[in-house]
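Let's take a walk through this structure together, with an eye on its aromatic rings and the residues around them. Have the 3D view at hand as you read.

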Amino acid sequence: MPSKQKATGSHYTPPELARFLAERLVAEVDFRRLPELRVLDPACGDGELLVALANSLPDNTLRNTVITGIELDDLSLGNAQERLEAFGSKSNFFKRMDFLEFYTDSEAQIGLFNNGPPTNKTIPPVDIIIANPPYVRTQVLGARKSQELAKSFRLKGRIDLYQAFLVAMTQCLKDSGIIGVITSNRFISTKGGASIRSFIAENYEIVELIDLGDTKLFEAAVLPSILIARKLPSTSRSSTNLKLPNRFVRIYENRTSNRDDREELVHVDSVYDILRKNFDGEYLVSETRFKLSTGTLSFSNLSSEPWQMVTETEKGWIDKIESAAKYRIGDVVKVRVGIKTTADQVFIRSDWDDMPEGRRPEDCLLRLIFSHDDAGRWRSSTRNESPKKILYTHEVRDSKREAIDIERYPCAAAYLRQYRERLERRKYVIKANRKWYEIWVPQDPLAWGRPKLIFPDISPSPMFFYDNEGLMVDGNCYWIVSEEENTDMLFLIQGIANSNLMTRYHELIFNNKLYAGRRRYLTQYVEKYPMPDRHSAHSRRIVDLVKKLVSVDVGDSMTEKYETDLEVAVAEAFGVEPLLSF
Ligand SMILES: C[S@@+](CC[C@H](N)C(=O)[O-])C[C@H]1O[C@@H](n2cnc3c(N)ncnc32)[C@H](O)[C@@H]1O
C-alpha cells in the first residue's frame, strides 16, 4: 500500500483536519450573495472534505448547493457519492475522471463558460473549492512527466502534481470564489516553487497560509500547509505582487525551549485547538510543545525568492542583521556539492584493502571520502574503523580537468573493466563524450587539496567542519574552499554558519524545516547567509575563537565556553542580542 500511496499521492485527510479547513473556508463566504452555491473537490477520494464542508454550511444552504466530486479511483468515488447523498443538497455530480486531463482537453475548456449543471464535458465555475490534491514528488513522477505537466499548465521547471492541480482548479473557480487546499509546504520556500508562487500571487488574494510544519496532523512524508485564497477578478490580475491580507500562521513543534516553564504554557487538547485559538505563543499538547506564530507574509518582487513567514518582531531582527551585513557568503566563496559517481558501489568502498594484488587500484587513485554521517561541528566526528575511499578518476592536465588515462594505471583498469557493462549503462556519460569509467561529477581535482569547510545537506543543527587534509565528500555534503591563501575567511564563515544566530536566520528566511527538527542546508540557502565586515574587531574575534574550536585538543568544557563567547561575538557583529539558549 505505501508504494501505491506514493505513486498516486493518496493520503486521505483526517476528519478533524477536514472539519478545520471546512470551517475556515465557510467563514470566508458571504452566503447572502449567492442564490446557488457550487462546491468542488477535484480529487475527492472518499469525500471527507466534501462531507466536512456540507456539515459546516449554514442552515438552509444545502438545498441550494450543487456538490461536484471528481476522482480517479472508482471505489473511493462510489464511497464519496454514497456519503454525500445523505445530505439532501440541490444536486450532486460525481464523476470518475482524471481532473488534469479534463482541464487540458480543449473541448472541456469551452465548457468553462457554460453556466448550466456539471456534465461529462463541463464543470461550470464554482464558488468554493476544497481539496487535498495528490502530492507526488517530481522524483517519483519522473522528469519527463513533470516537464510535460509544467508545459501544459504554463508553469516553469519541473513541477509537482499539486502545482498542476492548483492551476487547473483556478480555472474552475469563479472570480472572487474561495479555495482551501491542503498541500505540501515546499512551494513556499523552494526554488521549484517559484513558478507556482508567481501564479498564486497573480491570481489570488491570500486570506491565510497555514504552515502546519512538523505537527504530524496527517500521515504524509511531506510537511503540509493549508492555503486559503480568494480568486482575484480578472481586472485585478496584473502584477505578481501578493495582495493583502496575506496572513500567515506557522506552527511547529518546539524542541529547543526551556523545559522549566511548563506551568506558563497554554495547555490544550490538540493541535486543532491551537489553530482555533489562533494567537501567538507556546502551547502544550500532552507532553509536546508547539509554537504558533502569526503575521503578514513578506515577499520580494522576485518570484525566485521564497515567501517569508515572519512576525513583526522577527522582521525587525532580520532587518538589523541585514543592514549590518557587508556581503553574503555567495559573494566571496563558491558553495559546491560533493562528488556524484552515479555508480557508488563501483567507485566508493571500504574494502579496497581486501582485494587481491593486481585488482586493487593504485593507491594514488584511492582517496578518503566522507559523507553526512562523518560530519561534526568544527571538526569531522568520524569514528569509522574502515573509512570509505573513492577511486577518483580525474586529474588536471595542461590546467584542464581530464579523466585519467587508465592504461597508465593497470590495476585500476583491471578493476574497472570488471564493471564495464554496468558503467556503460550510464548512457548519459557516453552521450556527454565522457569515458565509460569516469565518475559523473568529480568537481575540480585541485580544489580538493585546499583547506575547506564541509557541511551535510540535512542535519538538525549546523555542522560546518574544517578540513585541511584533502578530504573528499560525496553528494550528501557540500563544501567551500577559499580562493585565497588565507584561511581566515573560512573560519569567519564557519563561526557565522555554526552560530545559533544564523540557525535562527536560516529558519526564518528559508522556512525549510523537516520532520524531527532536521533542516536542509542547500547551496541556495548558505550562499545567502549575511556576513559582517571581515576586517572588524568582531570578525577577528570570531576567527580567533573558531581557530580554537577546530584545534584538535580542545576539551568539552572549553568547547562550551568558546561556543558561548562565539555566540556573543557573532551577535555583536550584527548588532543584536546573543541567542545563548537556542
Ligand atoms: C491526497 S488524496 C485526497 C482525497 C480526499 N480529497 C481527502 O482529502 O481525503 C488525493 C486523491 O486524488 C486522487 N487522484 C490522483 N490523481 C488524480 C487525478 N489526476 N484526477 C482526479 N483524482 C486524482 C487519488 O485517487 C486520491 O484519492
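A charge is said to sit over a ring if NZ of Lys or CZ of Arg is within 6 Å of the ring centre and within 35 degrees of the ring normal. With that in mind, and remembering that this is a predicted model, turn to W479: R336 lies over its face, at 5.1 Å from the ring centre. A second case involves R367, whose charged end is placed over the ring of Y392, 5.8 Å from the centre of that ring.

Let's now look at the rings themselves. Across the whole structure, a search finds 15 aromatic pairs. One of them joins F187 and W307 edge-to-face, with 5.9 Å centre to centre and 80 degrees between the planes. This pair links distant parts of the chain, 120 residues apart: F187 belongs to helix α10, while W307 is in the loop between β11 and β12. F187 is buried, because its relative accessibility is 0%, and W307 is buried too, at 4%.

W448 lies in the loop between α18 and β20 and W479 in strand β24, so their pairing ties together parts 31 residues apart in sequence. W448 is buried at 0% relative accessibility, and W479 is likewise buried at 0%. Elsewhere, F455, F464, Y478 and Y521 make up one aromatic cluster.

Finally, visit K320 in helix α13, which is partly exposed at 48% relative accessibility. K320 touches F574, G575 and V576, leaving aside residues up to four places away in sequence. Between K320 and G575 there are 7.0 Å from C-alpha to C-alpha, although they are 255 residues apart in sequence.

Conventions: Residues are numbered from 1 along each chain as its sequence is written. This is a predicted model: local features need pLDDT of at least 70, side-chain atom pairs count only at pLDDT 80 or more; totals for chains, interfaces and linings use all residues. Side-chain values use heavy atoms; hydrogens and water are left out. Helices (H or I, at least four residues) and strands (E, at least two) are DSSP runs, numbered from the N terminus. Buried means under 20% relative accessible area, exposed over 50%, partly exposed in between (1.4 Å probe, protein chains only). Contact means heavy atoms within 4.5 Å. Rings of Phe, Tyr and Trp (its six-membered ring) pair if their centres lie within 6.5 Å; planes under 30 degrees apart count as stacked, over 60 as edge-to-face and the rest as tilted.
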